[in-house]
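Here is a quick tour for anyone meeting this structure for the first time. Have a look at the model, then read on.

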Amino acid sequence: MNGLPPHDLWFPPGSPFAPWRALALKERRGRCLPYTIAALCLFTLTVLAPDTGAGGLHVPADSSAERHSTAEERKPALPGEGWIGSGCYWDFHDSVFFAQGYSTLGRAYYEPKDFGDFTFEVRLMKLAEDGALELVFRYDENKVEGYHIYLWPHGGFGVGKLDGPMRSGPVFGPPAHFNRELNAWNNIKVIGRGERFDFFINGFHVWTARDGKFRRGKLGLGMPGDLRQLARFQIIRMSDTPEE
């Protein structure tokens with residue numbers, strides 16, 4: 001036996017390992033060590049090869065094509081059920097979503113329903129680089145229209161309208177209660193009631209805006225288009241009832 005277990009324990013007949021059985025037998029009979037090396041290489045290529053199936057990060061095929069996660073890809077992740085992502089690498093397979101920039105601005109939105117009045121509360125964490133993270137609301141993914149608030153890790157933020165590629169609205173310096181470090185959570189809450197929007201950062205009211213152009217739409221997230229951009233998002237609340 002040369003100190004080896006019976007070959008049927010290594011490569012049982014009828015198993016997926018059967019093609020390597022003859023190679024193992026040749027080596028055990030002392031014919032040639034290369035047979036063992038060939039068997040190990042074949043095992044590595046066919047059994048230990050990386051899984052390229054559904055799950056994990058959703059990678060766009062190219063910079064110009066949107067990559068939408070399918071229902072089957074979202075199935076294992078109940079916290080991410082119903083989210084559609086494009087333009088970035090999005091991973092919805094946990095209660096904390098992960099995003100990495102690609103070559104274009106990426107957005108993810110909650111597809112099952114449109115919101116008129118709403119409360120949208122999210123925790124954000126920037127992991128690398130200085131690009132702004134974004135919340136969108138009353139968002140039309142086809143026209144790229146709606147409203148948004150975007151925040152930089154140093155605490156500056158802006159609010160306004162999305163009207164195709166154009167952004168409009170005031171930009172503010174960092175509030176004193178903003179966590180400015182990388183790898184630090186910040187809680188952002190937006191309350192929409194009719195034409196009024198109230199914005200909160202870490203529980204502090206920072207701005208009120210009024211506009212009536214967009215009446216209903218999706219709630220979603222935004223991420224800069226750069227491979228160096230890394231972030232996490234945790235959805236705290238999505239409701240069609242405005243918080244008092």
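What follows goes from the overall layout to the cores and then to the salt bridges.

## Ground rules

This is a predicted model, so local features need pLDDT of at least 70 and side-chain atom pairs count only at pLDDT 80 or more, while totals for chains, interfaces and linings use all residues. Residues are numbered from 1 along each chain as its sequence is written, and side-chain values use heavy atoms, with hydrogens and water left out.

## The overall layout

The chain has 15 strands and four helices. Both are DSSP runs numbered from the N terminus: H or I over at least four residues for helices, E over at least two for strands. Of its 244 residues, 41% count as buried. Buried here means under 20% relative accessible area, exposed means over 50%, and partly exposed is in between (1.4 Å probe, protein chains only).

Now for contacts, meaning heavy atoms within 4.5 Å. Among those in the chain with a separation of 6 or more, 57% come from residues 24 or more positions apart.

## Inside: two nonpolar cores

A nonpolar core is a set of buried Ala, Val, Leu, Ile, Met, Phe, Trp, Tyr and Cys residues joined through side-chain atoms within 4.5 Å. The largest one has 34 residues, and Trp 90, Phe 137, Ile 149 and Phe 233 touch the most other members. Strand β5 (residues 118–128) gives the most to this core, with four residues. Another core, of five residues, lies apart from it and includes Ile 84, Tyr 109, Tyr 139 and Leu 162.

## Salt bridges

The structure holds 11 salt bridges, each one a side-chain nitrogen of Lys or Arg within 4 Å of a carboxyl oxygen of Asp or Glu. One of them joins Asp 211 to Lys 161, with the closest N and O atoms 3.5 Å apart. This pair links distant parts of the chain, 50 residues apart: Asp 211 sits in the loop between β13 (204–210) and β14 (218–223), and Lys 161 in strand β8 (residues 157–163).

Lys 189 pairs with Glu 243, their closest N and O atoms being 2.5 Å apart. Lys 189 is in strand β11 (residues 185–193) and Glu 243 in the segment after β15 (230–239), so the bridge ties together parts 54 residues apart in sequence. Is Lys 189 buried or exposed? At 13% relative accessibility, Lys 189 counts as buried, whereas Glu 243, at 25%, is partly exposed. Arg 237 joins these two in a network of salt bridges.
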